[in-house]
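Welcome! Here is a short briefing to read alongside the sequence and the 3D view.

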Amino acid sequence: MSAPANDVQDYVGFDTITQQMERKFLKRGFNLNVILVGESGMGKSTLVNSIFASHLIDTQGRRAAQEVIRKTTEIAPVTQMLEENGVRVKLTIVDTPGFGDQCNNEGCWVPVIKYIKDQHAAYLERELKPNRERIIVDTRVHACLYFLNPGSRGLRPLDVEVLKRLTEVTNVIPVIAKSDSMTIEERTAFKRHIKEELAFHRIMLFPYASDDDADDDRVLNASIRELIPFAVVGSEEVIEVEGKLIRGRRHGWGVINIFDETHSDFVHLRNFMLRTHLSDLIEVTSQRHYEQFRTSQLRQIKELRAQQAAAAASGGAPPVPTQAQPQVPISVMQHQPMAQV
Amino acid sequence: MKEGSGEDQNVAPSMYSHVSRPSSHRNKNARKGLPFNVMLVGESGLGRKTFLNTLCESTVITASEVTNAEQAHIAEPMQFKNYTVEMDEDGMKIILNIVDTPGFGDGIDNEQCFMQIQEHLELQFDSVLAEENRIKRNTKFNDSRIHALLYFISPTGHSLREIDIELMKRLGSRANIIPVIGRSDSLTPRELVLFKQRVMSDIVSHNISLFNFPDLNDEDEDAVEENSELRAMLPFAVVGCEEVINEDGRPVRVRNYPWGVVQVDNDEHSDFDRLRYVLLNSHISDLRDRTQNELYEIYRTEKLSGNTSVLANNTSQAVISAIGA
């Protein structure tokens, strides 16, 4: 038996691109921006701190009697660098204290929608610069956790108004954060009502169905859609149960383990957001929400230019704009955010 | 119904106690039934209906089955819904009249809700005022003044929300407000203690007037102690449930969670039983008396002395003509 004399070298090696990309990604890191929308006391800060397993934000709710009641929705972004196994993420959590907390909540969503659109506008502006950065800083909101009130029968009027607007500009994930006062039957009935109402109002949630989806993606997405809204329990507290340390809540009648799938959907939510759909959240923000924004902005700029050209040609006064001004000015020199909700 | 024996030891300190009245008089009251009017106020989802059904041990309010999704989210204007249940409490017959307020706080703009409830409360006062001033009075007059207003607070764990403060501030002078934490099983024991402290300190700092279990008779030490205990429990943490299971032959009201079972009647799990006893037994007469002797009298004085702000809000023709008569 002589050694084979062939040296055909059929293996090319382009499959190593995944490792090359990974190395680049590790060096660069990535941005993740999440906005929290819900009344105070719904468990927003506890949930976010539980999902990322660190104390990222403090609750903005009224604690002492001397604290003044907020009259409008404020936008409070907090940015931190997190690292896991060499992968760095610049995580920005945007809290919205004051949302839904007044007697009259008309328009309480306006600052939230404005913030999300402003991030799209800022990105577009940077992208359109003649000398733009090699890597454009991404402050666009990749996910919005929308907090539902446990115990309501379904969506409240405020929820419908806000969800309609939010789903047009970002990926929305509805959750019930303090679901430890709902029995399993109540949760099931609540989820069913919510799904019916969302379908009736044609409110589209992430993950979106796409014809490109592979079969296993379809199956996973279907199982996610079954769970929505996620009924979760969050906790930053570590308690001891029968010698074991768990993260949970100790009630007078039992202990809730937030990682127990029979107790809450917490594990499913975390895996969905971070372990299976994280890159989708970022990609879909760019390819769907940002693209829609970009298209409508550029169209408006084009029309405005055409109107001005027509006015200049006819020698008359500059025309009064017949529609809303584009958010990104034509010269793209100065960013002037305008309310466009 | 127990016939008046006059010998019972565990008597609530009440004007209707059969120790202070001859037994035939008590029999008459017991047969006729004592009217007690309670208003329930709070956003939907805080357990008002369940509380009422648990209190009356029967399904007084059925959960409305709104089957179509297009109806479900529409902001219904706040309504006043009346229910009447006859209760038997320790041999005492009570005609419990409940006024529920579905729709309160559920819309996007809820500022009208306060005025509507205030007007409703004052309307009941007005009809008593008109009745008092009639030449020929109706002996079967139905007194519909609210004796207790249970206000349901959401278990946020923080301090009070704007709607809570506004409501209690505006109505504290028209009804005995008893604040209640709905769905209190969402709070751990430690969180509950902290939450109660925050709520009460908010109430004090905003000068909100509640039914504070006032001591009417300082010499009755037991009553004074009881009142101070009740004051320390405010706001009452309530868990309601309509599911009754059989435990060793006894009917027990519970909520079944995967991590444990909440017993509604267990004082360590909720203040429900204590509140029930206060409303239907120990303080029923204190609540009625304060409504008549304090809240109504203040309103009457304001109204009759021509207090323009009161008159402007609430011109009741019946009153004006009755006073003229």
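## A pocket in chain A

The second largest pocket holds about 1,300 Å³ of space. Please keep in mind that this is a predicted model. The lining of this second largest pocket counts 38 residues, and those nearest its centre are F25(A), F30(A), V89(A), L278(A) and I282(A).

- Several elements of chain A give two or more residues each to this lining, including the helices α1 (17-28), α2 (44-51) and α3 (110-128).
- The strands β1 (30-37), β2 (76-84) and β3 (87-95) of chain A are on that list too, together with α7 (266-276) and α8 (278-314).
- Helix α8(A) provides the largest share of the lining, with six residues.
- By class, the lining of the second largest pocket has 20 nonpolar, six polar and twelve charged residues.

## Chain A as a whole

- Chain A contains eight helices and nine strands.
- Along the principal axes, the C-alpha atoms of chain A fill a box of roughly 90 × 85 × 40 Å.
- Chain A has 341 residues, and 48% of them are buried.
- Take the contacts in chain A between residues at least 6 apart in sequence: 69% of these join residues at least 24 apart.

- The size of an interface is often given as the accessible area lost when the parts come together.
- Between chain A and chain B, the buried area is about 4,300 Å², and carbon and sulfur atoms give 52% of that area.
- Chain A brings 52 residues to the contact, and chain B brings 51 residues.
- Six salt bridges are counted between chain A and chain B.
- R255(B) and E186(A) form a salt bridge through their side chains, at 2.8 Å from N to O.

Over all chains, the structure holds 34 salt bridges.

*E122(B) and R174(B)*

- The side chains of E122(B) and R174(B) meet in a salt bridge, with 2.7 Å from N to O.
- E122(B) sits in helix α4 (residues 111-132) of chain B, while R174(B) is in the loop between α5 (162-171) and β5 (177-181), so this pair ties together parts that are 52 residues apart in sequence.
- E122(B) and R174(B) are both buried.

*R255(B) and D185(B)*

- R255(B), which also pairs with E186(A), has a salt bridge to D185(B) at 3.1 Å, N to O.
- This pair links distant parts of the chain, 70 residues apart: R255(B) belongs to strand β8 (residues 250-257) of chain B, and D185(B) to the loop between β5 and α6 (189-205).
- R255(B) has a relative accessible area of 10%, so this residue counts as buried.
- D185(B) is buried as well, with a relative accessible area of 2%.

*D271(B) and K196(B)*

- In the salt bridge between D271(B) and K196(B), the closest N and O atoms are 2.7 Å apart.
- Here too the pair links distant parts of the chain, 75 residues apart, with D271(B) in the loop between β9 (260-263) and α8 (272-282) of chain B and K196(B) in helix α6 of chain B.
- D271(B) is buried, at a relative accessible area of 9%.
- K196(B) has 14% relative accessibility, and therefore counts as buried.

## A salt-bridge network

- Salt bridges with shared partners join E39(A), R156(A), D159(A), E43(B) and R161(B) into one network.

## Cavities

- The structure holds five cavities of 30 Å³ or more.
- The largest cavity has a volume of about 140 Å³.
- Of the 15 residues that line the largest cavity, M42(A), N149(A), P150(A), S154(B) and P155(B) lie nearest its centre.
- The lining of the largest cavity divides into four nonpolar, eight polar and three charged residues.
- The second largest cavity contains about 110 Å³ of space.
- Of the 14 residues lining the second largest cavity, N105(A), R156(A), G105(B), G107(B) and N110(B) lie nearest its centre; R156(A) is also one of the residues in the salt-bridge network.
- Three nonpolar, six polar and five charged residues make up the lining of the second largest cavity.

Note on methods: Residues are numbered from 1 along each chain as its sequence is written. Chains are lettered from A and ligands numbered from 1 in the order in which they are written. This is a predicted model: local features need pLDDT of at least 70, side-chain atom pairs count only at pLDDT 80 or more; totals for chains, interfaces and linings use all residues. Side-chain values use heavy atoms; hydrogens and water are left out. A salt bridge is a side-chain nitrogen of Lys or Arg within 4 Å of a carboxyl oxygen of Asp or Glu. Helices (H or I, at least four residues) and strands (E, at least two) are DSSP runs, numbered from the N terminus. Buried means under 20% relative accessible area, exposed over 50%, partly exposed in between (1.4 Å probe, protein chains only). On a 1 Å grid over the protein atoms alone, a cavity is a set of points where a 1.4 Å probe fits but cannot get out, and a pocket is an open set with protein on both sides within 12 Å along at least five of seven lines; lining residues have an atom within 4 Å of a point. Grid points are joined across faces, edges and corners, and a volume is the space filled by probe spheres set on the points. Ala, Val, Leu, Ile, Met, Phe, Trp, Tyr, Cys and Pro count as nonpolar, Asp, Glu, Lys and Arg as charged, and the others, Gly among them, as polar. Contact means heavy atoms within 4.5 Å. Buried area is the accessible area (1.4 Å probe) that two parts lose on being put together, summed over both.
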